[in-house]
Amino acid sequence: MRTQVTMLVFVCAISAGCASTHTARNLASERDFREGERVYNNELGGGSVIAYLDPENIIVDFDRVGETTLSGALLQKRKSCTDPLPGRASLCANERALGMDADGRDYTGMIIEVFDGRPGHPSEVVAIKRDRGSKKPLYVELYTQSLWASGDCYKDLFSTQKACVGTKVKYGSAKGTVKEVFENGTLHINFSRDTGNALLPLQAVQIISKRRTG
C-alpha cells in the first residue's frame with residue numbers, strides 16, 4: 001500500500017496539471033447547478049441547465065449548439081453584478097456599458113447577463129447586446145477585454161472639465177447633448193440629425209452648458 005501511494009505521488013509530480021485537475025474537480029463538486037439556471041462555457045457560450053446528474057455530468061441546453069453534457073468544472077454561474085476592480089464600478093445586468101471591439105472601435109450596448117469565474121478560469125464574463133451590428137450577445141471575458149460602466153457624470157482629473165447626462169457640448173462647429181457618460185471619460189453625444197450620434201472623449205469637446213437632465 002505504501003508503494004502504491006508513493007507511485008501515485010510520483011505520477012502526479014510528472015503529470016502536468018494533475019494537482020490543478022483534482023482541485024478543479026473538488027471545487028466543482030461544491031457548486032450546485034439547478035434546473036433552469038443560466039450558465040456559461042467559454043467555448044459554447046450561454047445556456048440553461050436541463051438536468052444535474054452529478055458534478056461531472058450536467059446537461060445544458062446551449063443557446064447556439066443545443067444540448068451538451070459537461071462537467072461543472074467547465075461552467076460559470078450567472079450572477080447579478082461583477083466584482084468591482086480597483087477604481088472601477090461593478091458591471092450589472094440591465095445596465096448600459098461601453099466596450100471596444102477587435103478592431104479597436106468603441107461600441108455601446110446593454111448588459112444582459114453576468115457570469116462568475118470558475119476553478120482554473122477565474123475571469124468573470126459579461127454578455128452584452130450591442131446597439132449596432134450582430135444581434136447575438138457578445139461575451140466579454142474581463143481578464144482579457146475591458147467594459148466600462150455608465151454613470152451620471154465624469155470629471156477629468158487633469159482639468160476642471162466635467163460632463164453629465166444632459167450637458168451641452170460643442171465639437172468643432174457641431175453642437176450636441178450628452179446622452180450617456182462612461183467611467184473612462186467617453187461621452188455618447190447626440191448631435192443634430194445631419195451629424196448623428198458620436199462617442200468622444202471629454203477632452204475632445206468644449207462644454208457649453210453644465211445643465212443636466214433627470
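Let's start with cysteine 164, which is buried at a relative accessible area of 8%; buried means under 20% relative accessible area, exposed over 50% and partly exposed in between, using a 1.4 Å probe and protein chains only. This is a predicted model, where local features need pLDDT of at least 70, side-chain atom pairs count only at pLDDT 80 or more, and totals for chains, interfaces and linings use all residues. Residues are numbered from 1 along each chain as its sequence is written, and side-chain values use heavy atoms, with hydrogens and water left out.

**Disulfides**

- A disulfide is a covalent bond between the sulfur atoms of two cysteines.
- Here the rule is a pair of cysteine sulfur atoms within 2.5 Å, and by that rule the count is two.
- Strands (E, at least two residues) and helices (H or I, at least four) are DSSP runs, numbered from the N terminus.
- While cysteine 164 is buried, cysteine 153 is partly exposed, at 32% relative accessible area.
- Cysteine 81 and cysteine 92 form a disulfide too, their sulfur atoms 2.0 Å apart.
- The torsion about the S-S bond of cysteine 81 and cysteine 92 is about 110 degrees, so this disulfide is right-handed.
- Cysteine 81 counts as partly exposed at 27% relative accessibility, whereas cysteine 92 is buried at 13%.

**Two residues to look up**

- Threonine 186 belongs to strand S15 (residues 186-190) and is buried, with a relative accessible area of 8%.
- Its side chain makes a polar contact with the side chain of asparagine 184, at 3.2 Å.
- A polar contact is a pair of N or O atoms within 3.5 Å; within protein, one must be able to donate a hydrogen and the other to accept it, and residues adjacent in sequence count only if both atoms are side-chain atoms.
- Setting aside neighbours within four places in sequence, threonine 186 is in contact (heavy atoms within 4.5 Å) with residues including Leu98, Glu180 and Leu199.
- Tyrosine 52 is found in strand S2 (residues 45-54) and is partly exposed, at 32% relative accessible area.
- The C-alpha atoms of tyrosine 52 and phenylalanine 33 are 6.4 Å apart, although the two are 19 residues apart along the chain.
- Beyond four places in sequence, tyrosine 52 is in contact with Arg31, Phe33, Asn57 and Ile58.

**The largest pocket**

- There are 14 residues lining the largest pocket, and Asp106, Tyr107, Thr108, Arg132 and Leu199 are the ones nearest its centre.
- Strand S7 (106-115) and strand S16 (197-201) each provide at least two residues of that lining.

- The protein averages a pLDDT of 84, and 83% of the residues score at least 70; pLDDT is the predictor's confidence in each residue, from 0 to 100.
- Confidence is highest in strand S3 (residues 57-62), at 98, and lowest in helix H1 (residues 2-14), at a mean of 33.
- Over residues 1-29 pLDDT stays under 50, and the model has ten contacts beyond four places in sequence for them.

Notes: 1 Å grid on protein atoms, 1.4 Å probe; cavity = no way out; pocket = protein on both sides within 12 Å on 5 of 7 lines; lining within 4 Å.
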